[in-house]
Amino acid sequence: MGGKGEMINTPISLQDLRRSLYVKAKAERTWRFWGLYVHVCKRETLQEAYEMAKENNGAPGLDGVTFEAIEESGVESFLQQIRNELITYTYRPRPVRKKEIPKDGGTKVRVLSIPSIRDRVVQGALKLILEPIFEADFQPGSYGYRPKRTAHEAINRVAQGIVETKTKIIDLDLRAYFDNVQHYLLLEKVAKRVRDDQVMRLLKMILKATGKKGVPQGGVISPVLSNLYLNEVDRMLERAIEATRFKQYTAIQYARYADGTPVQTPNLWGASPLIPIVRSGI
């Protein structure tokens, strides 16, 4: 189910920037942010992104470069090279390493796309800057891979729905959406909040490095992009909750954790029309 997505404990100036981005995004829902790329390229941001990647201690990418090799040759020069490539616009993501892992009791496999450590640092830097902007837009019923939110909280929300007699379940079945995300639609969603050509260019390159469509499972920035792609679904469900509200009671409840979205209701007949409406938002 996954654990808590911790809000990054970053150096104070980066913390201040992230807090300012979140507050601005929360206060002005249609504001489009510009001047972000310079913050992605900052040494401080890249250093924090490297520390994040190292803490996860993942396997090397297709290039075979390990954290041990980077530490031996020098982290400073490693990050400086990345920064130079970013500020001179010569950075290009490398092909990802594909790895199959079993799921559903071993009857199926999930394909992970493992970037090189170099590319994980770049994705991490981009995530550090973009995450607070989109966090301000995400809905209360979304729990997967978000800062300060856990799978246990999602379970508690479902349990509360049961207490409120919402015992009928509609499964929206979003399991295949990771592999079928249309890049142009995702980029359109990002552009509603980001007016920075270099950030958009970088994000487009990252997406293209993994194929013509889909959000790479294994990418550092993938959880933020996945939640953004499904945010309109969450909004539709939030509107359904409010449309059925009578005082403190509602006839709809949901708790989305990544692609798992049980919709709870006391009456399947009344909630069934939601399914095609919600799926049209994907």
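Reader: What does the side chain of Ser 222 reach at 2.4 Å?
Author: The side chain of Ser 222 reaches the backbone oxygen of Pro 216. The model is predicted, and the distance is computed from it.

Reader: What makes that a polar contact?
Author: The pair of N or O atoms must lie within 3.5 Å. The distance from Ser 222 to the oxygen of Pro 216 is 2.4 Å, so the pair meets that cut-off.

Reader: Why is Ser 222 called buried?
Author: Buried means under 20% relative accessible area. Ser 222 has 5%, so it is buried.

Reader: Where does Ser 222 lie, and what does it touch?
Author: Its place is in helix α11, residues 222-229. Leaving out residues up to four places away in sequence, Ser 222 touches Val 215 and Pro 216.

Reader: Which residues line the largest cavity?
Author: Pro 216 is one of them. Others in the lining include Pro 93, Arg 94, Asp 119, Gln 123 and Gly 219.

Reader: How many cavities of 30 Å³ or more are there?
Author: The count comes to one. About 60 Å³ of space lies in the largest cavity.

Reader: How does the lining divide by residue type?
Author: Six residues are nonpolar, three polar and two charged. Asp and Arg count as charged, and the lining includes Asp 119 and Arg 94.

Reader: Why does Asp 119 count as buried?
Author: The cut-off is under 20%. Asp 119 stands at 3% relative accessibility, so it counts as buried. Asp 119 lies in helix α6, residues 117-135.

Reader: Which side chain does the side chain of Asp 119 meet in a polar contact?
Author: That of Tyr 91, at 2.5 Å. The limit is 3.5 Å. The backbone nitrogen of Arg 94 also lies 2.8 Å from a polar atom of the Asp 119 side chain.

Reader: What else does Asp 119 touch?
Author: Beyond four places in sequence, Asp 119 touches Tyr 91, Arg 92, Pro 93 and Arg 94.

Reader: Where is Glu 238, and is it buried or exposed?
Author: Glu 238 is in helix α12, residues 231-243. At 14% relative accessibility, Glu 238 counts as buried, since the cut-off is under 20%.

Reader: How far apart are the C-alpha atoms of Glu 238 and Gln 139?
Author: They are separated by 7.7 Å, although the two residues are 99 residues apart along the chain. Glu 238 touches Gln 139, and also Pro 140, Gly 141, Arg 157 and Tyr 254, with residues up to four places away not counted.

Reader: What does the side chain of Glu 238 reach at 3.4 Å?
Author: The backbone nitrogen of Gly 141. The cut-off for a polar contact is within 3.5 Å, so 3.4 Å meets it.

Reader: What is the order of strands in the open sheet?
Author: The order of its three strands is β3-β5-β4, with antiparallel pairing.

Reader: Why are β3 and β4 called edge strands?
Author: Each pairs on one side only. Their residues are 168-171 for β3 and 253-254 for β4.

Reader: How do you know that β4 pairs with β5?
Author: Two strands pair if at least two bridges lie between them. Two bridges join β4 to β5, so they pair. Tyr 254 stands opposite Val 263 in β5.

Reader: How many bridges join β3 to β5?
Author: Four, and the strands run antiparallel. The bridge partner of Asp 171 in β5 is Pro 262.

Reader: What is the phi of Ala 258, and where does Ala 258 lie?
Author: Phi is near 60°, a positive value in a residue other than glycine. Ala 258 lies in the loop between β4 and β5. At 8% relative accessibility, Ala 258 counts as buried.

Reader: Why does Lys 148 count as exposed?
Author: Exposed means over 50%. Lys 148 stands at 58% relative accessibility, so it counts as exposed. Phi of Lys 148 is near 60°, a positive value. Its place is in the loop between α6 and α7.

Reader: What does the whole chain hold?
Author: The chain has 14 helices and five strands. Of its 282 residues, 47% count as buried.

Terms used:
Residues numbered from 1 in each chain as written. Predicted model: local features only at pLDDT ≥ 70, side-chain atom pairs only at ≥ 80, totals over all residues. Heavy atoms only, no water. Buried < 20%, exposed > 50% of the residue type's maximum accessible area, 1.4 Å probe, protein only. Polar contact = N/O pair within 3.5 Å; in protein donor to acceptor, adjacent residues only side chain to side chain. Contact = heavy atoms within 4.5 Å. 1 Å grid on protein atoms, 1.4 Å probe; cavity = no way out; pocket = protein on both sides within 12 Å on 5 of 7 lines; lining within 4 Å. Points joined across faces, edges and corners; volume = space filled by probe spheres on them.
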